[in-house]
Amino acid sequence: MDIQEILEMWEVDGVIDQFKLDDTTIKNATLHSKYLSLITVAKLKKKTIQQSYDNLLKDKWLYYNGKLSQAQIDAFGWEYDPFNGLNKPLKGDLNHWYNSDKDIQEAQLKLEYQAVMVETLKEILDTIRWRHQTIGNIINWRKFEAGT
């Protein structure tokens with residue numbers, strides 16, 4: 001499931017039918033359960049992606065510091081010379097190489113995407129938790145408009 005699918009689901013699920021406030025209130029527990037399941041799966045997936053990212057960083061550190069064997073480099077499918085014939089940079093300059101490494105960038109993107117998904121689901125759950133307040137405000141506003 002991706003963020004777009006979640007947003008499309010929420011676009012439908014998030015509607016409060018002003019003429020059926022009781023149905024909306026009853027549906028609240030079902031919505032909470034649905035989005036709680038989604039955020040739980042998303043958080044676990046984020047943890048898995050984080051672990052893969054951490055392992056990649058370790059492997060790239062070994063790679064850029066010349067600590068991988070040729071067989072290990074072959075297994076990863078990486079070039080034998082990470083610096084393309086340039087002299088090995090100083091340790092303080094290695095961050096430039098890490099930051100521009102395509103594998104690391106892809107892993108960071110996956111991790112950030114999953115973090116945004118978790119944050120989106122958290123916002124949806126917060127909205128569901130406070131939905132009763134919104135419904136109460138609608139009822140109070142109608143009472144006010146009716147003069148009671």
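Okay, let's start with what a helix is here: a DSSP run of H or I with at least four residues, while a strand is a run of E with at least two, and both are numbered from the N terminus. Next, the ground rules. This is a predicted model, so local features need pLDDT of at least 70 and side-chain atom pairs count only at pLDDT 80 or more, while totals for chains, interfaces and linings use all residues. Residues are numbered from 1 along each chain as its sequence is written, and side-chain values use heavy atoms, with hydrogens and water left out.

Now, α6. This helix has 16 residues, and at 1.5 Å a residue it should span 22 Å; the end C-alpha atoms are 23 Å apart, which agrees. The expected span, by the way, is 1.5 Å times one less than the number of residues. What follows α6? That's G147, with a positive phi near 85 degrees.

Inside α6, which covers residues 131-146, you'll find I139. I139 counts as partly exposed because its relative accessibility is 36%; buried would be under 20% and exposed over 50%, with a 1.4 Å probe and protein chains only.

On to the aromatics. Two rings of Phe, Tyr or Trp (the six-membered ring for Trp) pair if their centres lie within 6.5 Å; planes under 30 degrees apart are stacked, over 60 edge-to-face, and the rest tilted. There are 8 aromatic pairs in this structure. Take Y64 and Y98: they're edge-to-face, 5.4 Å centre to centre with 80 degrees between the planes. Y64 is in helix α2 (residues 21-64) and Y98 in helix α4 (residues 94-100), so this pair ties together parts that are 34 residues apart in sequence. Are these two buried or exposed? Both Y64 and Y98 are buried.

Ring pairs also build a cluster out of Y63, Y64, F76, W78, F83, W97 and Y98. And over the ring of W78 sits the charged end of K60, 3.9 Å from the centre. That label needs NZ of Lys or CZ of Arg within 6 Å of the ring centre and within 35 degrees of the ring normal.

A quick stop at E79, in the loop between α3 (70-76) and α4. E79 has 59% relative accessibility, so it counts as exposed. From Y63 it is 16 residues away in sequence and 9.7 Å in space, C-alpha to C-alpha.

R129, in helix α5, is partly exposed because its relative accessible area is 41%. R129 and N87 are 42 residues apart in sequence, yet their C-alpha atoms are 57 Å apart in space.

That's my tour, thanks!
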